[in-house]
Amino acid sequence: MAAALVDEEINSDDFYALLNVRREATQEELKAAYRRLCMLYHPDKHRDPDLKQQAETLFNLVHQAYEVLSDPQSRAIYDIYGKKGLEMEGWEVVERKRAAAEIREEFERLQREREERRLQQRTNPKGTISVGVDATDLFDHYDEEFEEPGSGFPQIEINKMHISQSIEAPLTTTDTAVLAGSLSTQNGNGGGSINIALRRVTSAKGWGELEFGAGDVQGPLFGMKLFRNLTTQSFITTHCALQFSSRGIRPGLTTVLARNLDKNTMGYLQWRWGTQSAMNTSVVRDTKTSHFTIALQLGIPHSFMLISYQYKFQDDDQTRVKGTIKTGFFGTLVEYGAERKISRHSILGATVSIGVPQGVSLKIKLNRASQTYFFPIHLTDQLLPSAIFYATFGPLVIYFVMHRLIIKPYLQVQKEKELEKQRENSSSTIAMKKQEAEAAVRLMQESVRRIIETEESKMGLIITNAWYGKFVTDNSGRNERAKVIDVTVPLQCLVKESKLILTEACKISVPGFYDPCVGEDKSLKVIYLFRGVLHQVTSADNESLRIPKQSHRIDTDG
């Protein structure tokens, strides 16, 4: 993903930044910016053959940007999907003067048509590996009044394992085959099963699925599942199954009715009939910062009430903390835990489970892409404070130590290797962008000279120095060096009536700019003279900039 972003960063041309206009710019603003750049880059204004050729390239790029942004339909496509949207085939058959929402639907339709040609090459593998660990000897061992001499270390055993895997194979645009299998073992006894499902999308409102299965423990299985949107706010699913065994046929039926209660809240009503008949109702509220669930079940043999809350931190690691209380005929269970993203495709989580009569357990889960690795560790059958303490703080200490000594250095090395590889692969593109920027600077020289003369005559705005790229700060590494380019001329060329205005866009698309440090955070530092006083201002790459403004004044006496 990072590689794709870097490639997009290198090859993208931001038409708004190229014309230096707001994304909400009117037709008049676009036309004024276009005329100004045409006067600067028109090939007929340059006699030198090299400059003439470079001016023609920039002139064509400016013309392309204006053509796209001045046409309402092309601008709507570009605003939603960028240049890739403009390159997709099929737009010529789209009726003009459509709204942005209609253009989005048309784009999605064209995307679906393109995906149909690649259906046979796609699968969706999913897998789960669960390893149950019995570590009760670590804590229950302490309560024994008598211990045989030489008994050695506490015994930790693996008492159960489960492995499951499934893949999806699209047959047509509406039909999909799913193949799944599983193997399980517990305390020396095990078994396996295999399932085949055929799913068909019958309409935009529903789909159906037939399931066939067999196993050495349960016997043959035949099932059917139906899904249907009742309204735009509600849907229903029904799953019926026939399980064949030596004891006869065991039928089962599960129906779920769901409805949107508001934008972030769903209500569910479930009825299950069969070996474990029950009725369940739940309300789930999911927002950007939290996830809340309350559920009530009445059934045989278990009835319970559950309340669960999860808080989502708004950080790059997608940290989440959660807590659950569940009480019913089986006893009471309290769970709390956290999960965090440790790499691009991996999420690590740990949950402490405390219950009566279950005891204390620690559950560790690792999600790696579409694979899940689950390790439930049973610590004790009793409610021991020592087990709760170690289950809570042990994983935290181990995680922070591993993150500091292993995970963070490893990810940093991987990031540097990936960036270096991207720079090597894109070196020719970067060199071309650099040549284009240098050519633009040469074309600007005459205009900049006139602008400076005009600004000096009225003590206006003079850009004395400007740099763009990655600067060395107090938080930078010891051996880290600045990676910046001089953009004094391009910025002075944008000065108009003693004002410099840069829009909220990536600066690499501004004429005369290029990316000196691909994949790294960049900023712009400007030192300018206004009304005879020297000022300095710094802004992030995607921040708008308006000069003159309240900025840091440089002591000219020093």
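Trainee: What should I know before reading the values?

Mentor: The model is predicted, so local features need pLDDT of at least 70 and side-chain atom pairs count only at pLDDT 80 or more, while totals for chains, interfaces and linings use all residues. Residues are numbered from 1 along each chain as its sequence is written, and side-chain values use heavy atoms, with hydrogens and water left out.

Trainee: How do you know which parts the predictor is confident about?

Mentor: Look at pLDDT, the predictor's confidence in each residue, from 0 to 100. The chain averages 82, and 84% of the residues score at least 70. Over residues 1–11 pLDDT stays under 50, and the model has 20 contacts there beyond four places in sequence; a contact means heavy atoms within 4.5 Å. Residues 89–98 also stay under 50, with 18 such contacts.

Trainee: What makes a stretch a helix or a strand here?

Mentor: Both are DSSP runs, numbered from the N terminus: helices are H or I over at least four residues, strands are E over at least two. By that count the chain has nine helices and 24 strands.

Trainee: Why is S539 called buried?

Mentor: Buried means under 20% relative accessible area, exposed over 50%, and partly exposed in between, using a 1.4 Å probe and protein chains only. S539 has a relative accessible area of 4%, so it is buried. This serine lies in strand β22, residues 533–540, and touches S523, L524 and L545, leaving aside residues up to four places away in sequence. Across the 558 residues of the chain, 35% count as buried.

Trainee: And why is D316 called exposed?

Mentor: Its relative accessible area is 74%, so D316 falls in the exposed class. D316 sits in the loop between β12 (304–312) and β13 (320–328). Its C-alpha atom is 8.2 Å from that of K341, which is 25 residues apart from it along the chain.

Trainee: Which class does Q318 belong to?

Mentor: Q318 has 39% relative accessibility and therefore counts as partly exposed. Q318 is also in the loop between β12 and β13, and its phi is near 55°, a positive value in a residue other than glycine.

Trainee: What about S498, another residue with positive phi?

Mentor: S498 has a phi of about 60° and is not a glycine. Its relative accessibility is 10%, so S498 counts as buried. You will find S498 in the loop between α9 (488–493) and β20 (500–502).

Trainee: Where are the cis peptide bonds to P357 and P548?

Mentor: One joins V356 and P357, with omega about 10°, and P357 is in the loop between β15 and β16. Another runs from I547 to P548, with omega near 5°; P548 is in the loop between β23 (545–547) and β24 (552–553).

Trainee: What makes a group of residues a nonpolar core?

Mentor: The members are buried Ala, Val, Leu, Ile, Met, Phe, Trp, Tyr and Cys residues joined through side-chain atoms within 4.5 Å. The largest such core has 28 residues, and those with the most contacts inside it include L19, L30, L69 and M444. Elements giving two or more residues to this core are α2 (15–19), α3 (27–41), α4 (49–70) and α8 (427–457). The most come from α4, with nine residues. A second, separate core of 27 residues includes L494, V495, Y514 and L545.

Trainee: How do you tell a cavity from a pocket?

Mentor: On a 1 Å grid over the protein atoms alone, a cavity is a set of points where a 1.4 Å probe fits but cannot get out; a pocket is an open set with protein on both sides within 12 Å along at least five of seven lines, and lining residues have an atom within 4 Å of a point. There are two cavities of 30 Å³ or more. The second largest cavity holds about 40 Å³, and its lining includes A17, N20, L502 and K507.

Trainee: How big is the second largest pocket, and what lines it?

Mentor: About 840 Å³ of space lies in the second largest pocket. It is lined by 33 residues, and those closest to its centre are L348, A350, P395, L396 and Y399. The largest share of this lining, 11 residues, comes from α7.

Technical notes: Points joined across faces, edges and corners; volume = space filled by probe spheres on them.
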